[in-house]
Each structure stands twice: as C-alpha cells, then as structure tokens.
Amino acid sequence: MIKSLGFGLSLLILSNQSLAQFTFGVDYINIEQEVNIIHTLFDANVNAVAAIAGYSFHYSDNITITPEISYGVGISGDEDNWVSFDDMIFRTDVELDSVIRISTKFSYELNSDFKLFTTPTFSFTDFSSNLGGWTVSDDSDFGVDFGGEYNFGQHWSAQVSYGLYQYSELWRFGIRYTF
C-alpha cells in the first residue's frame with residue numbers, strides 16, 4: 001500500500017513538474033492552546049519556529065493550490081501556570097517541544113504582488129512540563145488559517161495568517177522562497 005502510494009505521488013509530481021513550483025520557508029508561530037495537566041485545563045501561550053516545504057499547482061490564472069508540511073520546535077514556553085490536585089496547588093511551566101502541520105493552502109491572486117489564502121490544516125503538538133511525573137496533553141488538532149501573502153521579489157514572499165482550531169488559536173509570520 002505504501003509503495004503504491006509513493007509511486008502514485010511520484011508520478012503525479014513528475015508529470016506536473018512544468019505546472020508546479022517548489023516552495024520552502026520559515027515561520028514564526030505564536031500558539032495559544034488549551035493544555036491539560038492533572039485534569040486541569042488552562043491556556044498555554046508558546047512560540048515556535050518552523051521549516052516549511054510545499055509544492056504549488058496553478059489551478060487557474062488566479063488560483064493556486066499548495067500542499068505543505070512543516071516541522072517546528074518551541075523557542076519559548078509559558079511560565080507560572082497554577083494547577084490544583086487533591087487540594088494542593090502546584091506551579092508549572094509549559095513548553096512546546098514540537099509541532100507538525102500538514103496543510104493545503106488555497107491562494108487567490110489579487111494582483112501580481114498580493115494573494116489572499118485559506119489553509120485547512122491538521123496539526124500535532126507535543127508539550128512538556130516541569131511538573132515531575134505528570135504528563136501534558138499532546139494533541140492533534142484540525143483548523144483553518146486565513147491570511148495574506150506579499151511578493152517582494154521574483155522568488156521571495158512574506159505572509160501572515162491567523163488560525164482557528166478546535167483546541168487552539170495561532171498567528172504565523174513567515175518568509176517563502178518559490179522556484
């Protein structure tokens with residue numbers, strides 16, 4: 001099954017190379033996510049840096065579809081959260097260990113320099129805590145990003161987006177190189 005899927009994807013990519021472009025980039029991501037420690041829910045606000053790879057297909061003159069995958073690591077955590085358990089209160093810090101996002105970006109080109117896009121995304125987040133022996137919720141989450149992309153060179157662009165998810169909200173700021 002996996003071999004046939006890989007073969008089918010290879011044929012799709014090779015047969016459409018003249019109609020598509022590779023995209024690579026870096027994003028700064030701010031995530032506010034509902035976290036569960038010791039049956040206590042609270043919102044953790046963490047930051048990450050992610051590398052992105054995608055493959056853009058021109059669906060029509062103004063519409064582009066880009067499947068993307070990204071992998072990010074946390075660069076700052078959320079400190080001073082208070083968790084209660086059996087009438088005891090614990091202070092804990094929460095850190096984002098990693099985030100993996102699988103998405104498909106649908107872009108509409110307003111002019112040669114600016115695009116609007118929406119991106120349905122499935123993400124996996126892995127959190128850790130300094131509260132020894134207790135686990136933090138690792139979540140998979142589905143949501144949609146909405147944003148804009150500005151081309152500032154022949155191959156370079158910058159984008160910003162806001163995402164609404166089942167358990168989280170996020171802001172993304174990124175730079176892309178397309179060839």
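This is a predicted model: local features need pLDDT of at least 70, side-chain atom pairs count only at pLDDT 80 or more; totals for chains, interfaces and linings use all residues.

Visitor: How many helices and strands does the chain have, and in what order do the elements run?
Guide: Helices (H or I, at least four residues) and strands (E, at least two) are DSSP runs, numbered from the N terminus. From the N terminus on, the order is α-β-β-β-β-β-β-β-β-β.

Visitor: Of the contacts between residues at least 6 apart in sequence, what percentage join residues at least 24 apart?
Guide: A contact means heavy atoms within 4.5 Å. Among the contacts in the chain between residues at least 6 apart in sequence, the share joining residues at least 24 apart is 57%.

Visitor: What percentage of the residues in the chain are buried?
Guide: Buried means under 20% relative accessible area, exposed means over 50%, and partly exposed lies in between (1.4 Å probe, protein chains only). The chain has 179 residues, and the buried part of them comes to 39%.

Visitor: How many salt bridges does a search of the whole structure find?
Guide: Side chains of opposite charge can pair when their charged atoms come close. A salt bridge is a side-chain nitrogen of Lys or Arg within 4 Å of a carboxyl oxygen of Asp or Glu. For the whole structure, the search gives six.

Visitor: Which residue forms a salt bridge with Asp27, and are the two buried or exposed?
Guide: The side chain of Asp27 meets that of Arg176 in a salt bridge, at 2.7 Å from N to O. This pair links distant parts of the chain, 149 residues apart, with Asp27 in strand E1 (residues 20-37) and Arg176 in strand E9 (residues 168-178). Asp27 has 1% relative accessibility and Arg176 has 0%. The partner of Asp27 is Arg176, and both residues count as buried.

Visitor: Which parts of the chain does the salt bridge between Lys105 and Glu149 tie together?
Guide: In this salt bridge the closest N and O atoms are 3.2 Å apart. Because Lys105 and Glu149 are 44 residues apart in sequence, the pair ties together strand E5 (residues 88-109) and strand E7 (residues 139-151).

Visitor: Which residues join with Asp145 and Arg172 into one network?
Guide: Asp145 and Arg172 meet through their side chains in a salt bridge of 3.3 Å, N to O. Asp145 lies in strand E7 and Arg172 in strand E9, so parts 27 residues apart in sequence are tied together. Through salt bridges that share partners, Asp145 and Arg172 are joined into one network with Asp27, Glu68, Arg101 and Arg176.

Visitor: What is the volume of the largest cavity, and which residues line it?
Guide: On a 1 Å grid over the protein atoms alone, a cavity is a set of points where a 1.4 Å probe fits but cannot get out, while a pocket is an open set with protein on both sides within 12 Å along at least five of seven lines; lining residues have an atom within 4 Å of a point. Grid points are joined across faces, edges and corners, and a volume is the space filled by probe spheres set on the points. The largest cavity has a volume of about 50 Å³. Its lining consists of Ile31, Gln33, Val99, Arg101, Ser123, Thr125, Ser168 and Leu170.

Visitor: How many residues of the lining of the largest pocket are nonpolar, polar and charged?
Guide: The largest pocket holds about 310 Å³ of space. Of its 22 lining residues, the closest to the centre are Gln21, Lys115, Glu149, Asn151 and Thr178. Ala, Val, Leu, Ile, Met, Phe, Trp, Tyr, Cys and Pro count as nonpolar, Asp, Glu, Lys and Arg as charged, and the others, Gly among them, as polar. The lining therefore divides into two nonpolar, 15 polar and five charged.

Technical notes:
Residues are numbered from 1 along each chain as its sequence is written. Side-chain values use heavy atoms; hydrogens and water are left out.
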